Amino acid sequence: MALRGTGNIDERGFNLFANLYLAGTIIFGGGPVVIPLLREYVVAEGWVSTRDFLLGLAIIQAFPGPNFNFAVYLGSLAAISSPSLPSAAGAVIGYIAIFAPGLILQTGFMGLWKTLRGYRWFTSCLRGVNACAVGLVYTAVYRLWEIGYIGEAFQSGSSLARDPWWVVVTATSFVGGMWFKLPAPAAILLGGVMGMVWFGVVKA
């Protein structure tokens with residue numbers, strides 16, 4: 001991190017590792033919160049287009065596993081745009097960089113955690129931190145909502161609210177999962193079908 005801040009290193013592999021490692025270090029609140037950070041550290045750098053970022057996010061959400069796996073996809077794309085870094089190497093760098101901070105903190109903090117969790121003041125502090133994390137998750141979801149619509153005229157993303165149909169899709173997914181216990185894979189498939197219906201009606 002010190003080298004990244006003080007050095008003048010243009011190597012894509014180093015910068016990719018530094019950015020994703022930083023995202024993995026400062027993140028708290030679960031998978032959804034990391035998405036806006038990844039967008040800031042990868043898309044803003046010009047390594048990945050907003051369109052590819054959003055398409056990859058949709059694909060990642062359709063598969064099981066943590067959102068941190070998204071870093072593998074982004075690392076691969078970031079490497080493709082660099083003539084000196086193979087795509088597979090970028091994927092490996094993204095994977096190691098995003099997971100390393102959490103693994104290091106867990107390993108180093110485990111002994112201290114066994115002691116601190118016995119103090120009521122510490123557990124009360126954690127409740128406050130968890131509540132803050134919920135706020136961060138809602139913030140992340142809102143930011144994704146504001147850039148989630150992509151099309152020929154909106155390659156950089158636009159608010160999903162511009163088309164009422166996507167509001168219906170979002171509400172259907174929320175209601176199905178919240179009150180009807182709709183499994184996540186079924187909700188994803190339903191969203192895909194509703195997207196195809198929109199395409200058939202609007203674009204056909």
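Modeller: Helix 9 gives the largest share of the lining of the largest cavity, four residues. This is a predicted model, where local features need pLDDT of at least 70, side-chain atom pairs count only at pLDDT 80 or more, and totals for chains, interfaces and linings use all residues. Residues are numbered from 1 along each chain as its sequence is written, and side-chain values use heavy atoms, with hydrogens and water left out.

Colleague: What makes V169 and M194 lining residues of the largest cavity?

Modeller: Lining residues have an atom within 4 Å of a point, on a 1 Å grid over the protein atoms alone; a cavity is a set of such points where a 1.4 Å probe fits but cannot get out. V169, T172, S173, L182, A187, L190, G191 and M194 line the largest cavity. Helix 8 and helix 9 are the elements that give two or more residues to that lining; helices are DSSP runs (H or I, at least four residues), numbered from the N terminus.

Colleague: How many cavities of 30 Å³ or more does a search of the whole structure find?

Modeller: One. About 30 Å³ of space lies in the largest cavity.

Colleague: And why is the other space called a pocket?

Modeller: Because a pocket is an open set of points with protein on both sides within 12 Å along at least five of seven lines. The largest pocket holds about 2000 Å³ of space. Its lining has 40 residues, and those closest to its centre are A58, Q61, L160, V169 and T170. Helix 9 supplies the largest share of this lining too, eight residues.

Definitions and conventions. Grid points are joined across faces, edges and corners, and a volume is the space filled by probe spheres set on the points.
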